[in-house]
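Morning, everyone. Let me put the model up, and then we'll go through the interface and the cavities.

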Amino acid sequence: MRPADPRSVGELLLDTELIARQVLMDGPDLQAPPMLRTWGEVVQAAGDLWRALPPAKPPMPVTGRYSGGRQPRQGDDVVMGQLQAMTTALHRVTRGRSWPGDGPADERLLRMAENLTRAAELLEKAAPSFPRRPDTRADLAAAKARVMHALYIGSHGVAVAVDNYLSGFDPDAHRRGTSALRSSVRVAQAARSRIGAFEQLAGSYVSRTYPHALDGEHREQPTISRLAQALAGWDVQAHRALAGEPRTAILARVAYTQTLIAAHGAAVLDAGARTGQLAAGQYHTRLHPAMDTTGARWRHTAELWTELTPPSQRHLDPALDVAAGEVRAAFLEIDFDRTGAASPAVMGARTDLPQAGRAVQQALSSSVEIAHVMRELVDDPQLRGAARPVNAMSLALANAIDQDSIDTAPKAALVSPRDIAGNRATALPELVQDACRQDLDATIEACRQAMDAASVLDAPTRRNLEATPFSAGRLNQERTPAAMQANAPSRGCER
Amino acid sequence: MSTDGTTQDGIETWASVARLLCRCADMALVAGRGHSMFTLSALGLGADLLASQAMGLLPAGVDLDHPVPVQTDPVQLLAAAEALTRTHPVVQFPPGASPIIARIRDLSGENPA
């Protein structure tokens, strides 16, 4: 027996849309016959789900003579009805023909249909208790937008598959071909034309609603532990990358991600302080300035290593990309609102800020270690940079020194012209190494100061103090040994 | 034209997209001098990650270092990369381009020009 699907309606719809997107990614590999056999089920399931969704407006009393006691259809329902009618007509065209004929179904379209059917079942069970609130109505509009978008993309996938099939025929050859071949081409052409009309109608709904209707979609609270896990995962992955083959690209990526951690960690801590969930006084006087300095230092370090890394060398191990991307996503889920910073109140509503603050505090501690590892790598003779940017930086540093010097003797080239011509990997000249060492020493110091300042996060907050009953210590009676209390028998009473 | 639909023009355009994303990441760091890196780090790191993934799809021998894009505004560079992804049908880009294009559009949505 299959275990019950634990997903919510929202998760099922999101998965349906993602499957539709995956279908499109296959492009040339899409197979028309299984898709045409299964597409009808997808539209049927979408129609069932649509009917199971609560009406956008409260039901009106039915009084019309010719209404037959039924509710009038609302605008959205009409579109879905048209799409179902088109699909029925398509099914009539393909049914009982040698092409697409009987055969296996398309697995992904089948999963879409199953998801939609399951969502409809869940909605039917919950129907009596649908709340009628503005946020529920907004979520309903978002659900419809998602269903229609999935149908829109899915129908495009079917259209691409039929196009692929048709493009395999030479028009002259097919005219001379067998009647079965001519019939299959005719069916495919008719199916293509109907799917095209379907896509256009679904597209007209999508263009009116997508993606702004998703703004009102119910959003699950971010998992509180996601940020902590992302930061811990990043720490492990950064250390692994730095322990491997030394490359300036890795140093640049690590510094860039640390820049983001410093900037967004500061935003999370700031929100905690502003909402009274973290010790505000100590935060503003000690930790905030230290976070600013750390962020500026990491930015500088990232800029330095990025300069030494031309674009051609920036393709890195996907594991490092994934870890950095997860840190970015985990922070943005908490502190980003569409196109800018979320307000402290919104951040507070999205996550447990003290817990997020503790994750940032741990990241500040590990950033000291990461900066030290980077500093050690500068002395690694295996560390190479691309010849042209290394030469450009060497020249800039040498010129800066020459401005203060009276020595006008010609200087030896710091990077071989042959390496420069081919932009080959070259060892870092001492001058560049010195600049990198100085930069990382300053970054280490800034990280250390931020880590020390982050100890203020362990101080009690205003909320904690309010929540804890006042106590000035034990009462006098509690401190008095039992033997000395007045009502206790005194020494010698046994006599 | 190769058998999977990828064209030479598509590969060259994809290389330009990667170059623009790299430049966007670099310029976000430059723009952050003396400013808050809150928005810029999210934009820059996002572009850097996408550039890395985009480069992974390109065949060996494609010149990614030249020409260097001339724009300096990171948001405009991202918008230019996004616009380039719309100049060819997706099948003409290297296989695997679709999810990266979707993420470039998401990043553009977070950082409207």
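Contact here means heavy atoms within 4.5 Å. On that rule, 32 residues of chain B are in contact with 33 residues of chain A. This is a predicted model, where local features need pLDDT of at least 70, side-chain atom pairs count only at pLDDT 80 or more, and totals for chains, interfaces and linings use all residues. Residues are numbered from 1 along each chain as its sequence is written, chains are lettered from A in the order written, and side-chain values use heavy atoms, leaving out hydrogens and water.

How much area do the two chains bury? About 2,800 Å² between them, 64% of it on carbon and sulfur atoms. That is accessible area (1.4 Å probe) lost on being put together, summed over both parts. B:L29, B:F38 and B:L45 supply 26% of what chain B buries against chain A, more than any other three residues.

Now charges. There are 5 salt bridges between chain B and chain A, each a side-chain nitrogen of Lys or Arg within 4 Å of a carboxyl oxygen of Asp or Glu. One joins A:R328 to B:E110, at 2.8 Å, N to O.

On to cavities. A cavity is a set of points on a 1 Å grid over the protein atoms alone, where a 1.4 Å probe fits but cannot get out; lining residues have an atom within 4 Å of a point. Volume is the space filled by probe spheres set on the points, joined across faces, edges and corners. The largest cavity holds about 80 Å³. Both chains line it, with A:R253, A:R314, B:D26 and B:D48 among the residues.

Methods: On a 1 Å grid over the protein atoms alone, a cavity is a set of points where a 1.4 Å probe fits but cannot get out, and a pocket is an open set with protein on both sides within 12 Å along at least five of seven lines; lining residues have an atom within 4 Å of a point.
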